[in-house]
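Colleague: I've got a model open and I'd like to learn how to read it. Could you walk me through it?

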Amino acid sequence: ASGAASAGVRLAGFESRALKASLDASARTTAPTITDWSYAADWAAVPFATERPSRSVRVLFVGDRRASLAAALAESAARHAGSASEVELQDAGNLDGVVLVASPSAESALSSIASALTIVQWQMDLPAAVPVWVCTHLTQPVASVRRSSSEHAGLWGFARACLQEAAGLPLYNLDLDFGCAQSLRGAAELVRSRALASEDGFVHGLRVGPAAENEAALRGGSMHVRRLTLRRSPAALQSIVLTCEPRGSFANLKLEPRGDHSSRDGNEVAPTEVSIAVHAVGLNFRDVLIVLDQYPGPRADPGSDCAGMVEHAGSQVAHIAQRDACFGISNACLASHVCCDARLQVRKPSAVSFEAATTLISTWCTVHVAFVRSRLVGSPRAPPC
């Protein structure tokens, strides 16, 4: 726009579209509106992609005490078990699917996970894996009903961990409204089709073909799957920071405006400090522990190894200057700007990229010290015969 200049800022290898904008004094008649280009995982409604589902399938139901889901399968042959056991699974014979229905009570959460473990172990020993459906009741905040329950978060987490270990395993998380006949019929249709897929494609709004899914939530006659959605909310983001509150889950990571000392101008930087525009951040296991609230040391913010461009240098800083590329240590550097002690920053060699420079701080030093302390000594090679 005329009278405005926008600057892109690289953050951990990604280019933001517009993180800060400066306006001429003559154009500052109204507060500038800047688009927030952050993304969030949300439940998006997508069409089913079931292809000619079988009218009759052989299914073992575990924990479906009310038999509400079994009744929705109508013509299918259903077998019921109170809990999963190797004997029940072996006696069921040839199956087209196993449906584990988790009880809504919190007391049964551990028993549901135990049943899921037994079923998955049986499933992985089969020559041809049988689809397994883990069904919960209104645990996900979907559509107009944003309420959710955490009773079976562990069950969903268990299924996700299994898929990390065995990619392609036909293991599906389904969140249903057991009080809605349409939701039950939709689940029955998925069980008969023996797969979970959507016509939406892997990117919401960009249809390139049916997408295989492992998680879905059924509300009424609609199916919802997890997709990245763009949050186009106006915000004057002159400086941003990646935060995690409350700690304990990566799902709580989010970008927020940062109005503290991290984006000081030249008159506000202390004599021994530098203000840096961050271009890259090195992630370490320490940062993972901090986000998960498992770090044994003093409470700290994630991010310590960064590289960027010096915006302002204090009056007593001599080894780096404004517009110098630098790298070093700064607390909470998962941000667009940081202000830190200049003694913890050095000038970056031109032959080293910003991303590579972030590996020289903690990672390279740790490996170097490990090799020095282990006193590795090379032995001469034997001459060829």
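Predicted model: local features only at pLDDT ≥ 70, side-chain atom pairs only at ≥ 80, totals over all residues.

Colleague: Which residues is Ala 300 in contact with, leaving aside neighbours within four places in sequence?

Modeller: Those are Arg 247, Arg 286 and Ile 290. There's also Asn 331, which is 31 residues away along the chain, with 7.9 Å between its C-alpha atom and that of Ala 300.

Colleague: What about confidence? What is the mean pLDDT of the protein chain?

Modeller: pLDDT is the predictor's confidence in each residue, on a scale from 0 to 100. Here the chain has a mean of 80, with 75% of its residues at 70 or more.

Colleague: On to strands, then. How do I read the side chains of β8?

Modeller: In a regular strand, side chains alternate between the two faces of the sheet. In β8, Gly 97, Val 99 and Val 101 point one way, while Val 98 and Leu 100 point the other, and all of them are buried.

Colleague: Why is β8 described as largely enclosed?

Modeller: Because five of the five residues in strand β8 (residues 97-101) are buried, the rest of the structure largely encloses it.

Colleague: And which strands are joined to β8 by bridges?

Modeller: Strands pair through backbone hydrogen bonds, running either parallel or antiparallel. Strand β6 (residues 58-62) runs parallel to β8 and is joined to it by four bridges; Leu 60 has Val 98 as its bridge partner there. Strand β9 (residues 132-137) is also parallel to β8, again with four bridges, and in that pairing Val 99 stands opposite Trp 133.

Colleague: Where would I find antiparallel pairing?

Modeller: Look at the open sheet of five strands, ordered β20-β17-β18-β19-β21, where the pairing is antiparallel. Its edge strands, β20 (337-341) and β21 (345-347), each pair on one side only. From one strand to the next the twist averages 45°. Inside that sheet, strand β18 (residues 305-313) pairs with β19 over five bridges, and Asp 305 stands opposite Ile 329.

Colleague: Now a helix. How many residues does α3 have, and what does it pack against?

Modeller: A simple check is to compare a helix's span with the one expected at 1.5 Å a residue. Helix α3 (residues 109-124) has 16 residues and reaches 23 Å from first C-alpha to last, close to the expected 22 Å. Its buried residues include Ala 109, Ile 119 and Trp 122. The elements that the buried residues of α3 pack against include β6, β8, β9 and α4 (153-165).

Colleague: Last one: how many aromatic pairs does a search of the whole structure find?

Modeller: Two. One of them is Trp 43 with Trp 156, edge-to-face, at 6.3 Å centre to centre and 85° between the planes. Trp 43 sits in strand β5 (residues 39-46) and Trp 156 in helix α4, 113 residues apart, so to speak distant parts of the chain linked by the pair. Both Trp 43 and Trp 156 are buried.

Terms used:
Residues numbered from 1 in each chain as written. Heavy atoms only, no water. Buried < 20%, exposed > 50% of the residue type's maximum accessible area, 1.4 Å probe, protein only. Helix = DSSP H or I, 4+ residues; strand = E, 2+ residues; numbered from the N terminus. Pairing = 2+ DSSP bridges. Expected span 1.5 Å × (residues − 1). Contact = heavy atoms within 4.5 Å. Axes fitted to C-alpha atoms, helices over the stretch in contact; angles between N-to-C directions. Phe/Tyr/Trp six-rings, centres within 6.5 Å; stacked < 30°, edge-to-face > 60°.
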